[in-house]
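Here is a short briefing on one protein chain. Look at the structure first, then read on.

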Amino acid sequence: METNPAHSRLTAVALAFMALIWISPFSWLILNAFNPASTGRLEIPHSIGLDNFALAVSGKAGIQFLNSVIIAAGTATLSVLVGISAAYPLSRLRIPGRNAFLWTLVLLRMLPSAGVLVPLYFAAQRTGLLNQLGVIIALTVLNLPFTLLLLKNFFDTVPIELEEAAYVEGANLFQILTNVVLPMSRAGIAVVWFFSFTGAWNEFLLPLIFSRVESGFPMSVGLYAAFGQQGAVQYGFLAAFSIIYAAPAVGVYFLLRRNMNTGFAGVGVKG
């Protein structure tokens, strides 16, 4: 079958145009981040420097980066620990109404975080958790439907005969869980940790309302504030700040990608 040259050229032009649209924002970020005298234009800088990156990791911006790491890593770790504790019994025990409970989790996963913000805020206010710890706990609660569904399905794939063999050899429940079940479910754990981390890293509304003080704000709130401090936009700082803001999520993905390549197939609801 012969290919129409005109059709091929049209396809190449369309793909090139789409690639240009996709690359342009990243080009703007990189060029302005390394331009000490950035004006916000898409242009080749006359000089290249790291002044903008130095500003983006020092002072107030540096504190916001640390706050983001604490909130994201704390939420991801707590979500995994709570999820394992709840998902393993759901996988192994024949609990009455288990399927209805799992489908309820699916429905809860569809609720936006803003829909439950008011009860979460008043609960945190009553318990004195209007701080970073409160943000971590609230995000963990919101992550639980996804966490339980995914981990439960991964635990279902672990042959129960292996657990029975370990029990015959004298292993207790904790040893079976840590030496048999969790190593075989590390792909699901990696996916849960990654999505919990990126979700908490990008969260804006809960840290803004719960922290209430500037010293407790993460980078998501700082990025919003960077758009107009004192009525002016520092484009170089904003570009460098954006790159640093995006870097941890990308880095975590590459660290966990070996496990995550098989982990995405575990999403679903099983009886």
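In this chain, 75% of contacts between residues at least 6 apart in sequence join residues at least 24 apart. Contact means heavy atoms within 4.5 Å. The model is predicted: local features need pLDDT of at least 70, side-chain atom pairs count only at pLDDT 80 or more, and totals for chains, interfaces and linings use all residues. Residues are numbered from 1 along each chain as its sequence is written, and side-chain values use heavy atoms, with hydrogens and water left out.

**Helices**
- The chain has twelve helices and zero strands. Helices (H or I, at least four residues) and strands (E, at least two) are DSSP runs, numbered from the N terminus.

**Overall shape**
- The C-alpha trace spans about 70 × 70 × 35 Å along its principal axes.
- Of the 271 residues, 39% count as buried. Buried means under 20% relative accessible area, with a 1.4 Å probe and protein chains only.

**Nonpolar cores**
- A nonpolar core is a set of buried Ala, Val, Leu, Ile, Met, Phe, Trp, Tyr and Cys residues joined through side-chain atoms within 4.5 Å.
- The largest one has 32 residues, and Phe210 and Phe241 have the most contacts inside it.
- Helix α12 (235-263) is one of those that each supply at least two residues of this core. With eight residues, α12 gives the most.
- Leaving aside neighbours within four places in sequence, Phe210 is in contact with residues including Leu117, Tyr121, Val135 and Ala138.
- A second, separate core of 26 residues includes Ala166, Ile176, Ile189 and Val192.

Technical notes
Buried < 20%, exposed > 50% of the residue type's maximum accessible area, 1.4 Å probe, protein only.
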